[in-house]
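Me: Please take me through this structure, and say what each term rests on.

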Amino acid sequence: MTSTPAPSLSEIARVFGRIGLLSFGGPAAQIAMLQTETVDRRPWLTGESFATGLSFCMLLPGPEAMQLATWCGWRLRGLPGGVIAGGLFVLPGALVILILALVYAYLGDVPLVRSLFLGVQAAVVAIVVQALIRLSARALTRRSDWVIAALSFAALFVFDLPFPLVLAVAALYGATRVTSHGPSAATLPRPNLPLVAGFIALWWGPILALWLSGAALLTQIALFFSKLAVVTFGGAYAVLAYMAQEVVEERAWLDPAEMIDALGLAETTPGPLILVTEFVGFLAGFGAGGAGLGIAAAVVTLWVTFVPCFLWIFALGPYIDWVSGQPRLAGALSGVMAAVVGVIAALALWFAMQVLFSDQIAWVLPVGLGTLGLPVLSSVNLVACALSGFAAVLLWANRLGVPAILAICAGGALAASGL
């Protein structure tokens, strides 16, 4: 509910355009900036309305900060306001990521650039661990949450089970463990079927066109990132765990170092961290057919990543009051968030092994349970270890932003290389 007359679309464009250009620092900083601009500086939304919108966006798959921006625009000026707010939150960072991806594709193997990226990778290890600690404090409030997180970690890191299956089981357990549930006072709204059908057509129409045209790789990319848009609760780090499992180990579109570099570049740009998917899509296309196919793959990835975000907000926004009164949905989300902690723990350990050690060895588990990758201790990279530790200290001190820490660690790796 707005506390003043709704702003014009041009005002929304101006404010959310500036947010899109300055939204560094990940979802926590971005959500704080959104609150400052829409609640504190301009009484466009009440604090209660903003908090309700944030809780709603936390229930959805995908990037909560981008979806919150879309929700704010939708609450203020309906569908046009939501499209403008969400689009401008994403587009500046998307353009920067595309430029960086082109530079990386052509210069990534140059020793100077590779040394710089060693520092970025080392800092990313500390950043992911910090995200894990913060999320654990919020999501693991009961002993059962810790059990879910531990089992989810084992399911991904040890047994290599599919990410969607892990989340589905956690959601089912979270919903069934709710024992008390009273009736919701809110009335269930009628669905806006034309709007839903329109956004589904926007989402899947291009995918159908790619398939009919015989563009096999672009169709695979579109289908993969569409699936990602549906199952990835818990933010960009959970997305990365799924992508690492699929695009590195299963599809071989990227190697582990490129996957880690992708997050490092996304951390340095404005906009949602989910833009890491654009970088991954670009490299998959570039590796198969050069810059032209890479740019096409990046555009396809952006489209199927963010069109669903608009669909969730515009189709489900009217249900926000009803959803808030459904304890089993809240229980399912609690189970998913606990599982995401385990997922991100698996990601953090995988990142650390790839960055801090140059060699891994496969350890065969008993009774045919699979293989477990473990680092070869003699292959430790002392420079990377030192830079990760330094980045952790800087993050703990909370005196510098993530881009500055990435730059410092990149400079440290370059100095250590002697180039």
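This is a predicted model: local features need pLDDT of at least 70, side-chain atom pairs count only at pLDDT 80 or more; totals for chains, interfaces and linings use all residues.

Reply: Residues are numbered from 1 along each chain as its sequence is written, and side-chain values use heavy atoms, with hydrogens and water left out.

Me: How many helices and strands does the protein have?

Reply: The protein has 16 helices and two strands. Both are DSSP runs numbered from the N terminus: helices are H or I with at least four residues, strands are E with at least two.

Me: Why is S388 called buried?

Reply: Buried means under 20% relative accessible area, exposed over 50%, and partly exposed in between (1.4 Å probe, protein chains only). S388 has a relative accessible area of 9%, so S388 is buried. This residue belongs to helix 15 (residues 382-397). Apart from neighbours within four places in sequence, S388 is in contact (heavy atoms within 4.5 Å) with A122, V125, A126 and L356. Across the protein, buried residues make up 51% of the 419 residues.

Me: What makes helix 14 largely enclosed?

Reply: Of its 30 residues, 23 are buried, so helix 14 is largely enclosed by the rest of the structure. Helix 14 (residues 327-356) reaches 43 Å from its first C-alpha to its last, close to the expected 44 Å. The expected span is 1.5 Å times one less than the number of residues.

Me: How far apart are the end C-alpha atoms of helix 4?

Reply: Helix 4 (residues 64-107) has 44 residues, yet its end C-alpha atoms are only 33 Å apart, short of the 64 Å that a straight helix would reach. A kink of about 150° lies at R77, shortly before the proline P80. The bend at a residue is the angle between axes fitted to the seven residues ending there and the seven starting there.

Me: Which residues lie nearest the centre of the largest cavity?

Reply: They are L228, A229, T232, I274 and T305, from a lining of 14 residues. On a 1 Å grid over the protein atoms alone, a cavity is a set of points where a 1.4 Å probe fits but cannot get out, and lining residues have an atom within 4 Å of a point. Helix 12 gives the most to this lining, with five residues.

Notes. On a 1 Å grid over the protein atoms alone, a cavity is a set of points where a 1.4 Å probe fits but cannot get out, and a pocket is an open set with protein on both sides within 12 Å along at least five of seven lines; lining residues have an atom within 4 Å of a point.
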